[in-house]
Structures are given as structure tokens and as C-alpha cells.
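Subject: Structure handover and notes

Dear colleague,

Here is the structure for your files. My notes on it follow below.

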Amino acid sequence: MRMDFLEFSRICETLEHTPGRLDMTAIVQDALSSLDEGDLPLFIRYLMGRPFPDWSQDKIGIGPNSVYDAVAYVTGKDRGAVVSTVNQSGDPGRAVESLLANKEQRSFFSESLTLADIANDFTILATTSGTKSQKEKDRVLRRFFGNTSPLEGRYLARLLLGELRIGIGEGTMRDAIAGAFSVSPAAVEHAYQASNDLGEVALIAHKGEDALYAVHIEPFRPVKMMLAKQGTVTDMLIESGVLAAEYKYDGTRFQFHKSGGVCRMYSRKLEEVTHAIPDVVAMLDAATSHDIILDGEVIAVRDGRPLPFQHVLKRFRRKHDIASHIEQIALVPNIFDIVWIDGETLIDLPLSERRKRLETAVSGEYVAPQLMSGDEEEIDLLYRTALDDGHEGIMVKDIHSPYTPGVRGKF
DNA sequence: GTAGTGTACTGCC
DNA sequence: CTCCGACGCATTCGG
DNA sequence: CCGAATGCGTCGGAGGGCAGTACACTAC
């Protein structure tokens, strides 16, 4: 039995009124247990407010104005009326809900939408492009809101706009999956870090804990970037003894994949940007002969000094006039981590080990300099050097720390 | 048809 | 990116 | 001794400014 979007909406509403995290986890866990395999990934993604897996390049390309237009159309109002309703409540979802509730004419033959229907239409929204594509997207949205009940409208609008706001994040979902399939949260976390899709992880969790641990990173399926955590050098020294300190670059994060002679570049949000920076891709390609996944920061330079962030931005996601901008703004990669090499996943190794692997596998030119030190004054000196050299400051990392994708670890 | 302008959307820090 | 609030959990405080 | 208060960590969400892409519409 396929899940209807109405049932999904009811679960959302329950969760929205549940303050405690443990209670929320229990509710999600119950729902997961009763789902069939086809709906499981969809339910999980949608509950986290994401139309597609994070590694996917698909985007629905719908913003507030498109949604308001569609709601205006099906309720027989103009967009101004919809916008003012939204402004009154401050919540697009609630506004859509009340407008749908008040509309005079209800379609008699409204079909019930299933999660699979939604998925299908999301794909249409993501893949439609070119002339008249806007009209086609409008048609999809009108069909959506013409067929939804007010409650469904609330959550469909929010899902389209990427602001579900029911408080289900990765941690809660991880624990719910672990509970539903009787596996440890750690196993779920491991599979999630490697596959970057909790929907798929739930399917694997069905097969047991061993299957979860057997999931590994694959090239061209980007993993989340590890994030920095705030703290003081003094505290970290007390905690760890020895730290790895590097420049904090004022640029843009990248993830470089190379396998079978093919190279691809990904942005922080895991959007592919290979085409925008072929010069940087070529530098990295030449720097190693391994199949590899590297993590680093691209900065703009002139006369050996870093340029402000804006210069990088002009190039990083560009699709037009690329050649002329390569001449105007020189980019340089600074590699500071390695995630995977020749089929081997490295994220569980401590930073110090990963650093060794990085230095062996990649020629030195673009590997970010690193100071390994337990001396606060020495680290402070590096900080001043960083500022003198035009960088933002320094990053300090625990040398024992594994690579934790998407988590603010002791980087 | 092509060029220019306006609207909507996304992603980076 | 940064900032902030809610909750959970462990520890300490106070009668 | 035990319940309440406190403090810390985790998680989720909001906001601000800039740069760019894609499509639609109009004018020539």
C-alpha cells in the first residue's frame, strides 16, 4: 500500500506539535516500520524537507513567487492577495492552507496524491527546461494545489520552498531509522556518511547492521564536507595535546573526484562545478595519478597574495564566458584533506594518518601547509603569519579526529 | 530572429 | 558564513 | 537524601549580502 501525501501531512502536523526530540524520534520510527520499500526513501527525504538526495544534481527550481501564483490561480485570487495573506501569518505554509480552506469551489474529482506521485512531479519540475518550461512548471504546481486538501497544501508548499520546519534533522532521522530496523545509530551514521542519502540507508538498514557497515564511498557521488567547530586553541590543546594548524582561506570549499581518468569538481552544496574551473581541475589532475577524492579550498590570487572572496565567487559557479574569466582571475586550490583513494575509504582514519596519505598521493604544490604543534605560542605565530599573508586566520584541528562528513567535528 | 530588460531562483560566505 | 533558541543529559546546589 | 537548578553539547533554524543563471517578454 502506497502512502498518501495526506497521511504524510498528518504525520508532519503531529511532529510539528511535538516538542521533545525523543518523542519525535518515536513517532518517525513508528511510521518507518510500516512503510513499503518504494515509499521508504521518499518518506525519509520529504520528512527532512528535501525533494532529492543531497548528492543529486536535481533542483526543483521553484521559489515563493511561483507557488503564490499557482495558489492564486486555483483559489481565484491574484498574487497580491496571496502575498498579503502570507505576510499576515508570516508562514507560507499556513497561508496556503487557509487560502485553500476558504476557496469557494472545490474540485469534485480531486485525486489523492501519493508520495510516488509527488516524486514523479518533482522530477518533472527538476528536468523541465528551455522555452515554455515555465508554463509547464506552472501547470504542475496548479495541478498540485488544485488536488490538495488545505493540510496537504501547507506541507506541500513548505516542501517546495525548502522550509518544512517540523524539526526533523539528520540526527533525529538517524536515530529513528536505527530504532525502526533494530540497528545501532553508529551503523546508520556510517552508511549515511558514505552514501549521503538517509533514504537509501533505510533500505540497507533493513538488511542488518553488517550491510550498513559495508557501504563505502564511491567516486562521483560526493560526500558532505566536514565542517569546522568553534573553540579556543587553549581548550583544544588541553584536550588533544598536539594540534594541526592551517591557514583559514578566504575562498570556496571544493571536493575533487578523479577516477578512471575522469575528473569532477563539487561545491560545498555538492553541486558539480567542473565546467566552471577547468584550470583548477587540470592542476589537480596533474598533481596525482591515483583515483582519489580530495577536500580543499579554492582561492583567487594575484602577485602571490590572496584576493577577497568576491573574486572567487565570480568564477566558481560560472557557466558563460569562462575562458575570459580564467585570464582575469587566477585560482589556486589548497588541498587539506583526503577522503578516499583507489577504492579505499579513509574517513575513519585519524587526521594525522590522512595527512600522511595525502602527502604520499599528491604532489606537494597544492597541498596546504600544515603546522603540527603542541605549543600555543608557535600556533599564535602562525596565526599572525596567516594574517600578514592576507588569509582570514587559521584553522586548528585535532590530529586524532576522523573525517566526519556534515558534522562539526574537531576538525 | 536577435538583443536588451525584467523577474525569479540558487548558492557562496 | 554567524548567531540563537530548544531540548537532553549530567552535575551540582540547596533545603 | 532527593528534587530543582545550572551548565554544556547537540541539533535545527534564521538572516544578511553578493554574484550568477535561466527564462519570458518586448522592441526593433
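A residue is called buried under 20% relative accessible area, exposed over 50% and partly exposed in between, with a 1.4 Å probe and protein chains only. By that rule Lys132 counts as exposed, at 60% relative accessibility.

This is a predicted model, in which local features need pLDDT of at least 70 and side-chain atom pairs count only at pLDDT 80 or more, while totals for chains, interfaces and linings use all residues. Residues are numbered from 1 along each chain as its sequence is written, chains are lettered from A and ligands numbered from 1 in the order in which they are written, and side-chain values use heavy atoms, with hydrogens and water left out.

Two positive phi values

Lys132 has a phi near 70°, which is positive in a residue other than glycine. Lys132 belongs to the loop between helix 7 and helix 8; helices (H or I, at least four residues) and strands (E, at least two) are DSSP runs numbered from the N terminus. Asp303 is not a glycine either, and its phi is positive at about 55°. The loop that holds Asp303 runs between strand 4 (292-302) and strand 5 (305-306). Asp303 is exposed, its relative accessible area being 76%.

DNA strand B

There are 17 residues around DNA strand B, and Gly63, Ser66, Arg79, Ser267 and Lys269 come nearest. Sugar and phosphate make up 97% of the atoms of DNA strand B that come within 4 Å of the protein. A residue is near a molecule or strand if one of its heavy atoms lies within 4 Å of it.

The surface near DNA strand B has three nonpolar, seven polar and seven charged residues. Here Ala, Val, Leu, Ile, Met, Phe, Trp, Tyr, Cys and Pro count as nonpolar, Asp, Glu, Lys and Arg as charged, and the others, Gly among them, as polar. Helix 4 (64-75) and strand 2 (252-259) each supply at least two residues of this surface, and helix 4 gives the most, with three.

Aromatic rings

The whole structure has six aromatic pairs. Rings of Phe, Tyr and Trp (its six-membered ring) pair if their centres lie within 6.5 Å; planes under 30 degrees apart count as stacked, over 60 as edge-to-face and the rest as tilted. Phe122 and Phe144 have ring centres 6.2 Å apart and planes at 80°, so this pair is edge-to-face. Phe122 is in helix 7 (residues 115-127) and Phe144 in helix 8 (residues 133-147), so the pair ties together parts 22 residues apart in sequence. Both Phe122 and Phe144 are buried. Ring pairs join Phe5, Phe8, Phe43, Tyr46, Phe122 and Phe144 in a cluster.

Thr85

Thr85, in helix 5 (residues 79-89), is buried, with a relative accessible area of 18%. A polar atom of the Thr85 side chain lies 2.8 Å from the backbone oxygen of Ala81.

Regards

Technical notes. Polar contact = N/O pair within 3.5 Å; in protein donor to acceptor, adjacent residues only side chain to side chain.
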